[in-house]
Amino acid sequence: MSDSLDAFAAEKLAGLDAASLRRRLVPTARGPAAGAERAGRTLVSFSCNDYLGLSHDPRVIAAAAEALARYGAGAGASRLVTGNSPPLAALEERLARHKGKEAALVFGSGYLANLGIAPALVGPGDLILIDELGHSCLFAGARMSGARVEVFPHNALEALEALLRAHRGSVRRALILTERIFSMDGDRAPLPEILTLAQDYDAWTLVDDAHGLGVVEPGPRAPLEMGTLSKTLGSYGGYLCASRAVIDLLTSRARSLVYTTGLPPASAAAALAALAIVESEPERAARPLALARRFTARLGLAEAESPVVPVLVGEAEAALALSAALEKRGFLVVAIRPPTVAPGTARLRVAFSAAHSEEQVDALADALATLTPDRR
Ligand SMILES: Cc1ncc(COP(=O)(O)O)c(C=O)c1O
């Protein structure tokens, strides 16, 4: 009975192989100090979103271990069913304070947060405007909402305003979705201008701060600030910070909160300890961006706007070859290919961490300069 299923999968895989688009899970043990063990070698990883190296910080690990011992390995059921565990409540209070908001709501992941937020706020008869480079989960939540979805070119304010002008009058509610730092390009959204447009047209703005929290100066806050606990905070989980009324509504209406098991308390405790470190060690928080700028200066690239620097290659096959050549030299820099990025824009996505040394950054830049002499 499953012959046709396997034949379908094999045919699809052959297509992915032919286009250099097949993805594989490579056994890799992450360690401290941006180290990653693969096939018996220790590589320096520039592929990780652990921007402050906090996933291996002894204080973060101790907080998680204590919560694990006290509250157990899992949440048991939805937070609305088993009740709110103390580490989640404490984390929400601290996240809200960090973002200057009245309240926060922690989800099982950033992906789940974005699946839940838009559908709880807008629906059929409403409008969502989304930057074309928005993360896959922003698009997924937008489409699940049933609202009309209009995509605007990356960071294009005029196009955004034209869409608002054309459609705002005929919908009840409008929601703009963008990112503070774009995940695959490392550039920033023009938030002051977007927030002004939103105000002019009575639209609501959600900013996905997955890659900005703690590592770039925050700039203006949007009414809806979502993010993840899995990058700078070194743990796992997602969140939304907003007004008390919005958070209370989402607590009742976000399906990806109501109908899924709560985040394990140890993950919340780890993120809480990490957030305290972010706030108390500004010199650590400034380091990934400084290292990214050192790298872009050494390679003559446009100055980094965040700890994420794309090195554009073009075709998927060439990006894979460059990544493999770097791995031979001891660097883990994974190739990012379509559909994560647009066809013809395959790249290496280089992510900098406070755990990297200047020497490691210079060595990677020099290896790239040697391997891609035409870039200069
Ligand atoms: C911009 C952005 N939003 C949301 C997510 C999803 O967050 P999580 O990994 O917590 O599901 C990611 C990455 O994973 C991301 O890069």
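1. Which of the 14 residues around the ligand come nearest? They are S109, G110, Y111, A210 and T228, where a residue counts as near a molecule or strand if its C-beta atom, placed from the backbone, lies within 6 Å of it. Before going on, please keep in mind that this is a predicted model, in which local features need pLDDT of at least 70 and side-chain atom pairs count only at pLDDT 80 or more, while totals for chains, interfaces and linings use all residues. Residue numbers start from 1 along each chain as its sequence is written.

2. Staying with the ligand, helix α5 (residues 110–121) gives the largest share of the shell, 3 residues. Helices here are DSSP runs of H or I with at least four residues, strands are runs of E with at least two, and both are numbered from the N terminus. By class, the shell has 3 nonpolar, 9 polar and 2 charged residues. In this scheme Ala, Val, Leu, Ile, Met, Phe, Trp, Tyr, Cys and Pro count as nonpolar, Asp, Glu, Lys and Arg as charged, and the others, Gly among them, as polar.

3. The helix α5 also packs against helix α6 (residues 136–145): their axes come within 7 Å and cross at roughly 30 degrees. That angle makes α5 roughly parallel to α6. (Axes are lines fitted to C-alpha atoms, for helices over the stretch in contact, and angles run from 0 to 180 degrees between N-to-C directions; under 35 degrees counts as roughly parallel, over 145 as roughly antiparallel, 65 to 115 as roughly perpendicular and the rest as oblique.) The crossing of α5 and α6 is right-handed, meaning that the near helix is turned clockwise from the far one by less than a right angle, with anticlockwise giving left-handed.

4. Which residues of α5 meet α6? On the α5 side they are G110, Y111, N114, L115, I117, A118 and P119, and they meet C137, L138, A140, G141, A142, M144 and S145 in α6. Contact here means C-beta atoms, placed from the backbone, within 7 Å. This contact of α5 with α6 has 10 nonpolar, 4 polar and no charged residues.

5. On the overall layout, the protein is divided into domain 1 (27–55 + 282–375) and domain 2 (57–279), with bounds from an automatic or database domain assignment. Their C-alpha centres lie 26 Å apart, and the contact takes 21 residues from each of domain 1 and domain 2. On the side of domain 1 that touches domain 2, α12 (282–299) and β11 (308–314) each supply at least two residues. That side of domain 1 has 13 nonpolar, 5 polar and 3 charged residues.

6. Next, α12 packs with helix α14 (residues 358–371) at an angle of about 30 degrees, the axes being 9 Å apart. The two helices, α12 and α14, are therefore roughly parallel to each other, and α12 passes α14 in a right-handed crossing. From α12 come L291, R294, F295, R298 and L299, and from α14 come E358, V361, D362, A365, L368 and A369. The contact of α12 with α14 divides into 7 nonpolar, no polar and 4 charged residues.

7. For helix α4 (residues 86–99) and helix α11 (residues 265–280), the axes come within 8 Å and cross at roughly 30 degrees. This makes α4 roughly parallel to α11, and their crossing is left-handed. The contact of α4 with α11 has 11 nonpolar, 1 polar and 2 charged residues.

8. Two backbone details are worth a look. The peptide bond from P338 to P339 is cis, with omega near 5 degrees, and P339 is in the loop between β13 (335–336) and β14 (346–351). A34, although not a glycine, has a positive phi of about 60 degrees; A34 lies in the loop between β1 (29–30) and β2 (35–38).

Note on methods. Contact = placed C-beta atoms within 7 Å.
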